[in-house]
Amino acid sequence: MRIVAILTLGILMGCSSSNKTLDIKDLAGDWVNTKYLKSVQKTKSARISQYACEYSYITVKSDTALFILSFHEGMDLKIIPNKMNSFYCIGYNNDTIKLIVSNDTMIVNHTANQDTFLKYPMQFPNESLTNRLLTKEIFSGDYVNVDSANHILSFKDDGLVNGFLNYSSYFVQDDYVDAGCNLDILYLRNMPDDRFEYTWTYLNDTLIIYKLDCQEFDTISKRCVITKKGKLIYRLVKK
């Protein structure tokens, strides 16, 4: 659900030798909350990290800032220039959100909270921030398959895989506010519309991937409402 609104943004430059006047275009890009990023890095869980903060990330395009709330809802916020290095808008509930920007760091003050956002590097146009972040921070790298004669398998930052017999790409689910989302979900694909569900855990430097099975199926909605770990598929030790 998106709530279209106008938000107040006060943007100031941090200590810098440059006296450049900020423009809305200088904010363009994807900004990730450091609380979310640190949670992903620590827990290696997209599901747990979803609840690490209120605003997970901000995407600025043109004169609009899209604030994503825990990967489940979003607010499109209109940015209105005011004067040198500052922008002002009014939120849907008249709250004021102020941003202090220095290089690739943004301090966001909203209600009684303060969060730090980092501009996250993207490689391709229209690339999903969350999929780029989750693939890079949780999976990216080369692994030794200890159950298959030490065969090498690779997860790439761009969502491609190497060394898998039946798969060519992967992506990670980021929103777990739904039935059947009680475990982290990894999708392995051999075609864009053909995907297979797995879940994973980490044991030190070993990535353990299981088939995702259904524990409880709802006959009325005709879908799985509780999942469980199935057969162990891969034990991968990072090189």
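Start with Tyr143: in strand 19, its bridge partner is Lys238. This is a predicted model, so please hear every value as computed.

Strands 18 and 19 make a hairpin with four residues between them. In the turn, Lys222 has a positive phi of about 60°.

Now the cysteines. How many disulfides does a search of the whole structure find? The search finds one. The disulfide joins Cys214 to Cys224, with 2.4 Å from S to S. The angle about the S-S bond is 105°, and the link is right-handed. Cys214 sits in strand 18 and Cys224 in strand 19, so the bond ties together parts that are ten residues apart in sequence. Cys214 is partly exposed, because its relative accessible area is 36%.

What about Cys181? The closest cysteine sulfur to that of Cys181 belongs to Cys224, but the distance is 9.5 Å, which is too far for a bond. Cys181 is buried, at 10% relative accessible area. Cys53 also counts as buried, with 9% relative accessibility.

Next, helix 3. Nine of its eleven residues are buried, so the helix is largely enclosed by the rest of the structure. Among the buried ones are Leu133, Leu134, Ile138 and Phe139, but also Arg132 and Glu137. After the helix comes Gly141, with a positive phi near 145°.

Why is Arg132 called buried? Its relative accessible area is 3%, and the cut-off for buried is under 20%. The side chain of Arg132 reaches the backbone oxygen of Asp157 at 3.5 Å.

That brings us to the charged pairs. Side chains of opposite charge can pair when their charged atoms come close. The structure holds six salt bridges. In one of them, the side chains of Lys136 and Asp157 meet at 3.8 Å, N to O. Lys136 is in helix 3 and Asp157 is in the loop between strand 13 and strand 14, so this pair ties together parts that are 21 residues apart in sequence. Lys136 counts as partly exposed at 38% relative accessibility, and Asp157 counts as partly exposed at 22%.

The side chains of Asp178 and Arg223 meet at 3.2 Å, N to O. Asp178 lies in the loop between strands 15 and 16, and Arg223 in strand 19, so the pair ties together parts that are 45 residues apart in sequence. Both ends count as partly exposed: Asp178 at 47% relative accessibility, Arg223 at 38%.

Asp213 forms a salt bridge with Lys211, and the closest N and O atoms there are 3.0 Å apart.

Last topic, the aromatic rings. A search of the whole structure finds eleven aromatic pairs. Phe155 and Tyr170 form one that is edge-to-face, with 4.9 Å centre to centre and 80° between the planes. This pair links distant parts of the chain: Phe155 is in strand 13, Tyr170 is in strand 15, and they are 15 residues apart. Both residues are buried.

Phe164 and Tyr234 have ring centres 5.4 Å apart and planes at 80°, so this pair is also edge-to-face. Phe164 is in the loop between strand 14 and strand 15 and Tyr234 is in strand 19, 70 residues apart. Phe164 is buried, as is Tyr234.

Which residues do ring pairs link into a cluster? They are Phe139, Tyr143, Phe155, Phe164, Tyr170, Trp200 and Tyr234. Tyr143 is where we began, as the bridge partner of Lys238.

The charged end of Arg195 sits over the ring of Tyr187, 4.2 Å from its centre. Lys44 lies over the face of Tyr202, at 5.9 Å from the ring centre.

Definitions and conventions
Residues are numbered from 1 along each chain as its sequence is written. Side-chain values use heavy atoms; hydrogens and water are left out. Two strands pair if DSSP finds at least two bridges between them. Helices (H or I, at least four residues) and strands (E, at least two) are DSSP runs, numbered from the N terminus. Buried means under 20% relative accessible area, exposed over 50%, partly exposed in between (1.4 Å probe, protein chains only). A polar contact is a pair of N or O atoms within 3.5 Å; within protein, one must be able to donate a hydrogen and the other to accept it, and residues adjacent in sequence count only if both atoms are side-chain atoms. Rings of Phe, Tyr and Trp (its six-membered ring) pair if their centres lie within 6.5 Å; planes under 30 degrees apart count as stacked, over 60 as edge-to-face and the rest as tilted. A charge sits over a ring if NZ of Lys or CZ of Arg is within 6 Å of the ring centre and within 35 degrees of the ring normal. A disulfide is a pair of cysteine sulfur atoms within 2.5 Å. A salt bridge is a side-chain nitrogen of Lys or Arg within 4 Å of a carboxyl oxygen of Asp or Glu.
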